[in-house]
Amino acid sequence: MNLTELLRSSLRAIRAHTLRSFLTLLGVIIGVATIVAVVGVISGLNTYVKEKIIVLAPDVFIVQKFGIIRSRKEFLDAVKRPPITWAEYERLSSGMLKEATQVSAATGNAMPVNYGEKRLPDVIVIGATANFGILFNLEMESGRYFSESENQAAQAVAVIGANTKEELFPHLDPIGRTILIRGLPFRIIGVMPKQGRSIGFNQDGRIYLPLQVYRKNFMAANETLELHIKARGGVEGLDASMDEVRAMFRAMRHTSFRNPDPFGIITQESLQQLWKTISSAAFLLLMLISSVSLGVGGIVIMNIMLVSVVERTQEIGVRMALGARKKDIRRQFLLEAALLSAAGGVIGVLVGAAGAFTVRALADFPAQITPGIVLTGILLSTLVGLAAGFLPAYRASNLVVIDAIRAE
């Protein structure tokens, strides 16, 4: 029996029990749908985090009080560290760093913002130096970022995000208008373009002020700064620049060589590694859950195929009496199991893709379904079917012809 005949025979057998075949596939459908949805969302998140969240340039690193926290102990240790002060920033930015070309500083808090009768209760207001916009390549939709002279003079000017513009100035040009931040007036000089909102980060609801005016009006005594340092010589000079900053910081804080750094350093690579660790753990956990569904689906398929062997014993006996070989019988049952499971895989892919896109539409979560994800889902379900069909195929091919023909 050639492959075409086997295929036709297998499809006839599946069509003969359509409802039973569909119910048999529920486990495979759920397993594949979960895998496709999870991989689609994580794949979309990986792309989004790489392009939108990790905006730090590869030759820029951040010095802050906490750094990257991986455990409760690290958090408790970091809480005890002293805040990064204005004096420390001034010393590092005074030209003493030979391995750095730029040093910027920033800090921020949520504050109420008013324009006329309109009020936004919790806008993230960030005080930053003028070169902060250069280091983070901040783009403007209209207007401009503030200058170093405006920062040094503590000018009451502000750059607002797209959401702030839409909520306070839905039909107006905000440039030149005055908003109140904690009751103090600030003139808007720039508007940032819409960057999107995802996974809890609102990139468009921020307001940037010159750091000097922020210090003068809003900065608490124990508030810590965050420093951003651009290495001289690009990525190749990153390690030398971090070593220099680390040595200078430890010296300024009189840190013994036995003690760890009393501050944290964040690089693009460390952020990517942290995200990779988080997403890999989530991926493995969800794959484990999905594999249970696939395993149950495989067992159900095997059970149904064993029942099918019993129901078709006479048919198998007649076919073998007419010349069908053992391997023909084995191939037919394996093909039936594989086709059955692959059909479940196709349905699972459709359900999983619909789930991923629904999550993206409802929760603003990035998700993408690639051809690789689709092929992986179908291939995985087919392999489950082949594994599940092995025992039924083996039993069917080893039936004794005369006993099979006489079976009731």
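Trainee: Is N137 buried or exposed?

Mentor: N137 counts as exposed, because its relative accessibility is 58%. Buried stands for under 20% relative accessible area, exposed for over 50%, and partly exposed for what lies in between, with a 1.4 Å probe and protein chains only. Please note that this is a predicted model, in which local features need pLDDT of at least 70, side-chain atom pairs count only at pLDDT 80 or more, and totals for chains, interfaces and linings use all residues. Residues are numbered from 1 along each chain as its sequence is written, and side-chain values use heavy atoms, with hydrogens and water left out.

Trainee: Where is N137 placed?

Mentor: N137 sits in the loop between α6 (132-135) and β4 (142-143). Its phi is positive, about 50°, although N137 is not a glycine. Most residues other than glycine have a negative phi.

Trainee: And what is phi of H254 near?

Mentor: Phi of H254 is near 50°, again a positive value in a residue other than glycine. H254 belongs to the loop between α10 (238-252) and β12 (264-266), and at 73% relative accessibility H254 counts as exposed.

Trainee: Changing topic, how many helices and strands does the chain have?

Mentor: The chain has 15 helices and 12 strands. These are DSSP runs numbered from the N terminus: helices are H or I with at least four residues, and strands are E with at least two.

Trainee: Why is the chain said to be more spread out than a compact globule?

Mentor: The radius of gyration of the chain is 32 Å, well over the 22 Å that the globule rule gives for 408 residues, so the chain is more spread out than a compact globule. That radius is taken over C-alpha atoms, and the rule is 2.2 Å times the number of residues to the power 0.38. Along its principal axes the C-alpha trace spans about 100 × 60 × 35 Å. Buried residues make up 44% of the 408 residues.

Trainee: Which residues does UniProt list for "transmembrane region"?

Mentor: The unreviewed UniProt entry lists residues 21-45, 281-310, 333-357 and 369-391. UniProt positions are given in the numbering used here, feature names are shortened, and annotations may be inferred rather than shown by experiment. In the model, residues 281-310 are 100% helix and 0% strand, with end C-alpha atoms 44 Å apart. Residues 333-357 are also 100% helix and 0% strand, and their end C-alpha atoms are 36 Å apart.

Trainee: What does S341 touch?

Mentor: Not counting residues up to four places away in sequence, S341 touches L25, V28, I301, S381, T382, V384 and G385. Contact means heavy atoms within 4.5 Å. S341 lies in helix α13 (residues 326-363) and is buried, with a relative accessible area of 0%.

Trainee: Where is I29 found, then?

Mentor: I29 is in helix α3 (residues 26-53), and at 8% relative accessibility I29 counts as buried. Leaving aside neighbours within four places in sequence, I29 is in contact with F22, G344, I347 and G348. The C-alpha atoms of I29 and T370 are separated by 19 Å, and these residues are 341 apart along the chain.
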